[in-house]
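The questions below go through one protein model step by step. Each answer ends on the value or name that was asked for.

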Amino acid sequence: MTWIKRIGFFLLTNILIMTTISIVTTLLGSMGFSIRAYGLDLTRLIVFCLMWGMAGSFISLLLSKMMAKWTMGVKVIDPKKASAPEMDVYRRVQSLAQRAHLPMPEVGIYESPEVNAFATGPSKSSALVAVSTGLLGRMNAQELEGVLAHELSHVANGDMVTLTLIQGVVNSFAMFFSRIIAYIASNAVKEEMAQIVRIVVTIALDIVFSILGSMAVAYFSRQREFRADAGGAKLAGRESMISALESLRQMVEMPEDPRGEALASLKISSNKGGFLSLFATHPALEERILALKQMR
């Protein structure tokens, strides 16, 4: 498994957007620098970084549902044309959404042997909950209820918006420090090389700091998973939530869908190990099960 699977779709999209912003602003001749005779205009630089840092994050959020559908080939369930198994999933989501006092989200199924599900979307009123055919084929009704409750808890908790705000702050810091370092680096070379050094160092460090910042975002994502588990337990019952996670834990050699290498942060479970666990968007299943058992 490559490291990109631990970063997640939202984080990957954000890094690509941040890189694009750096390249575009370079071509337009604006790197966010305002150089005075005595140095940088830090106030203008901070405003620039906040504006573009938050913009990159919110663009990622707005694209998340569309890109998830396109990437995984999600078939949105139309209750007027749905088959019996599709209607079972749809009605379960409908019932859980009513219990959580949520608007009815779009419900979809994607063809995949992996045992997983995800929720995404820019708001509670524009959410998508999708499950894999692998999950539907390997989980019983109680376990499916737990999985769907977990995903709807993410929607109810506004986790995508929360992570967007956190990512926006991380983006802003990444852009700010990359430009400060690039400015220092450009002053250390000959004048005729200063501009190109500033551009190259800025773009390179935007990427590096975005990746490092992903560790902070992944940490907050792991905390939100515990909260979604607790919310799922309240909606579907603690035993249903524990049963779903136990089922996932027992599937040691779960197949993974290569199309979803960047969707880990949106799913109910994702693998991790070693140093790359710093990029993990989900805690270990054993930790999540223990937390539920200890929950009052």
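Q: Among contacts in the protein chain between residues at least 6 apart in sequence, what share joins residues at least 24 apart?
A: This is a predicted model, and the contacts are those it contains. Taking the contacts between residues at least 6 apart in sequence, the share that joins residues at least 24 apart is 74%.

Q: How many helices and how many strands does the protein chain have, and what percentage of its residues count as buried?
A: The protein chain has ten helices and six strands. The chain has 296 residues, and the part of them that counts as buried is 53%.

Q: In what order do the strands of the open four-stranded sheet lie, and which strands stand at its edges?
A: The sheet has mixed pairing, and its order is β3-β4-β6-β5. Each edge strand has a single partner strand, so one side of each is left without a neighbour in the sheet; these strands are β3 (75-76) and β5 (117-123).

Q: How do β5 and β6 run relative to each other, parallel or antiparallel, and which residue of β6 is the bridge partner of Ala117?
A: Five bridges join β5 to β6 (residues 126-132), and the two run antiparallel. They form a hairpin with two residues between them. The bridge partner of Ala117 in β6 is Val131.

Q: Which strands does helix α3 touch, and which does helix α4 touch?
A: Helix α3 (residues 42-72) packs on the sheet, its direction making about 145 degrees with that of β5, and touches β3, β4 (106-110), β5 and β6. Helix α4 (residues 84-99) also packs on the sheet, with its direction at about 140 degrees to that of β4, and touches β3, β4 and β6.

Q: How many of the seven residues of β5 are buried?
A: Although β5 stands at an edge of the sheet, the strand is largely enclosed by the rest of the structure.

Q: Is Leu135 buried or exposed, and what distance separates its C-alpha atom from that of Asn116?
A: Leu135 is found in helix α5 (residues 133-138). Its relative accessibility is 0%, so Leu135 counts as buried. Beyond residues up to four places away in sequence, Leu135 touches Glu114, Val115, Asn116, Ala117, Leu144 and Val147. Asn116 is 19 residues from Leu135 along the chain, and their C-alpha atoms are separated by 5.7 Å.

Q: Which residues of helix α10 are buried, and within what arc do they fall, seen down the helix axis?
A: In helix α10 (residues 285-294), the buried residues are Leu285, Arg288, Ile289 and Leu292. They pack against α6 (141-156), α8 (191-236) and α9 (238-250). They line one face of the helix, because seen down the axis of α10 they fall within an arc of 100 degrees.

Q: Which residues does the UniProt annotation "transmembrane region" cover, and how far apart do the end C-alpha atoms of residues 196-220 lie?
A: The unreviewed UniProt entry gives this annotation to residues 7-33, 45-63, 160-184 and 196-220. In the model, residues 160-184 are 100% helix, with end C-alpha atoms 36 Å apart. Residues 196-220 are 100% helix and 0% strand, and their end C-alpha atoms lie apart by 36 Å.

Terms used
Residues are numbered from 1 along each chain as its sequence is written. This is a predicted model: local features need pLDDT of at least 70, side-chain atom pairs count only at pLDDT 80 or more; totals for chains, interfaces and linings use all residues. Side-chain values use heavy atoms; hydrogens and water are left out. Two strands pair if DSSP finds at least two bridges between them. Contact means heavy atoms within 4.5 Å. Axes are lines fitted to C-alpha atoms, for helices over the stretch in contact, and angles run from 0 to 180 degrees between N-to-C directions. Buried means under 20% relative accessible area, exposed over 50%, partly exposed in between (1.4 Å probe, protein chains only). The arc is that of the directions from the helix axis to the C-beta atoms. UniProt positions are given in the numbering used here, feature names are shortened, and annotations may be inferred rather than shown by experiment.
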